Amino acid sequence: MPDDAVRGFARAKGGGTWVVDLDGVVWRGGEPIPGAGEAVTLLRAAGGRVLFASNNSSPTLEELIERLRIAGIAAGRDEIVTSGMAAAAMLDPGGQALVVGDDGLMEALAARGVHATRATDERAGGGPTPDAVVVGYTKRFDYDVLARVADAVRAGARLIGTNEDAVLPSSGGLLPGTGAILAAVATASGATPVVAGKPHQPLATLITERVERIAAVVGDRPSTDGELARRLGVPYALVLTGITARAGDELDPAPDFVGKDLLAVAEAATRADAASR
Ligand SMILES: [Mg+2]
C-alpha cells in the first residue's frame, strides 16, 4: 500500500470520527464480516469515534443496534445515521408522507413528526395529496403501490428517495436496491426524484451536524461512500468485503486507501497514528 495513503490516515488521528458504512463493511447479507468488531475496538482505543452511516432505510434503530451487537460492536442510537433519517429531515414536522418502505423509514419519519402512511395500506390514496412520496428499500412493492404513489406525485407530491443504490449485496448475490424501485416510480410519475442518502447533501448535513471532525469515510461503494467523502472533503477508505471485489484504476472516485476489510483499515490507521506520534 502506498505510504501516502497511510500518511493520509495519520492526519486524521486523535479523536476524529470514522464514518463507517454498514452493508458490505460490518455485515454482508445478514452475516457479520469477521474482524469488524475488533476494528471498531481498535479505532475507539486509538481515541477515535465511530458514526455508522447506512443507506439502508429498512431496519429500525433497535434492529441496527442488535445487529451491531451480534457483530461485536456496542453502539448507541446517536452513533447511527441512515438514509431514512436524511429523507425525514427533508420534510417539515407536521407534514404528510406516502411511503414505500419498511419500519426503519416509518420510524425516522415519526421521529421527525411527519404523518406517514404506507402506500401498501389499502386506505392510502384518495385523500388529500401528501407533501411527499418517500421511497426507501422494501420487498413490499407491486403494481398497485406503483400506481398509487405515481398518482400522488403527479398530483403534486415531492418525490424523495432515501437512496439510489441500484443493487444490494446479499449472501446469495445481488438483489435489486432502492434505486430500482425509485426508477420505477420516477418513470411512472414523470418526476425527477431528489435523493437523501449517500452521497447526497441531506445525509452529509446530518453527519456534519453530529460530528465535529471527520477522520475518514469507510465504505465498499465508491459511488456512494467515496462520493460522500469527496463532498465532505475527507479521505475515503475502500473495503473489499462488499460490492467492490477489487481495487482498480476504474474506481471513481479513487480511494485514498484500500483495505481488504474494515480491520485492515483500522490496523493501518492506528499504525499510521502511532508512527506519527
Ligand atoms: Mg455498503
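Is D220 buried or exposed, and what is its relative accessible area? D220 is buried, with a relative accessible area of 2%, where buried means under 20% relative accessible area, exposed over 50% and partly exposed in between, computed with a 1.4 Å probe on protein chains only. The model is a predicted one, in which local features need pLDDT of at least 70 and side-chain atom pairs count only at pLDDT 80 or more, while totals for chains, interfaces and linings use all residues. Residues are numbered from 1 along each chain as its sequence is written, and side-chain values use heavy atoms, with hydrogens and water left out.

**Magnesium site**

- The magnesium ion is coordinated by D21 (OD), D23 (O) and D220 (OD), at 2.0 to 2.2 Å; donors are N, O and S atoms within 2.8 Å of the metal (3.2 Å for Na, K and Ca), and water is not among the atoms, so sites may look incomplete.
- The donor residues follow the sequence spacing D-x1-D-x196-D.
- Distant parts of the chain are linked by the pair D23, in the loop between β1 (17-20) and β2 (27-28), and D220, in the loop between β13 and α9, 197 residues apart; helices (H or I, at least four residues) and strands (E, at least two) are DSSP runs numbered from the N terminus.
- D23 is buried, with a relative accessible area of 16%.

- The protein is divided into domain 1 (3-55 + 199-275) and domain 2 (93-195), with bounds that come from an automatic or database domain assignment.
- The C-alpha centres of domain 1 and domain 2 lie 29 Å apart, and their contact takes eight residues from domain 1 and 10 residues from domain 2, contact meaning heavy atoms within 4.5 Å.
- The structure holds three cavities of 30 Å³ or more, a cavity being a set of points, on a 1 Å grid over the protein atoms alone, where a 1.4 Å probe fits but cannot get out.
- The largest cavity has a volume of about 150 Å³, taken as the space filled by probe spheres set on the points, with grid points joined across faces, edges and corners.
- Sixteen residues line the largest cavity, of which D23, N55, D165, L168 and R221 lie nearest its centre; lining residues have an atom within 4 Å of a point.
- Domain 1 and domain 2 each give at least three residues to this lining, and β10 (167-170) and α9 each supply at least two.

**Helix α9 and its surroundings**

- In helix α9 (residues 222-232), the buried residues are P222, T224, D225, G226, L228, A229 and L232, and they pack against α8 (201-210), β13 (214-219) and β14 (236-239).
- R231 lies in helix α9 and, at 42% relative accessibility, counts as partly exposed.
- R231 touches P199, H200, Q201 and A204, not counting residues up to four places away in sequence, and its C-alpha atom is separated by 9.9 Å from that of K198, 33 residues apart along the chain.
- Just after α9, G233 takes a positive phi of about 70°.

**D261**

- D261 is placed in the loop between β15 (257-259) and α10 (262-275), and it counts as buried at 11% relative accessibility.
- With residues up to four places away in sequence not counted, D261 touches P34, V239 and T241.

Methods
On a 1 Å grid over the protein atoms alone, a cavity is a set of points where a 1.4 Å probe fits but cannot get out, and a pocket is an open set with protein on both sides within 12 Å along at least five of seven lines; lining residues have an atom within 4 Å of a point.
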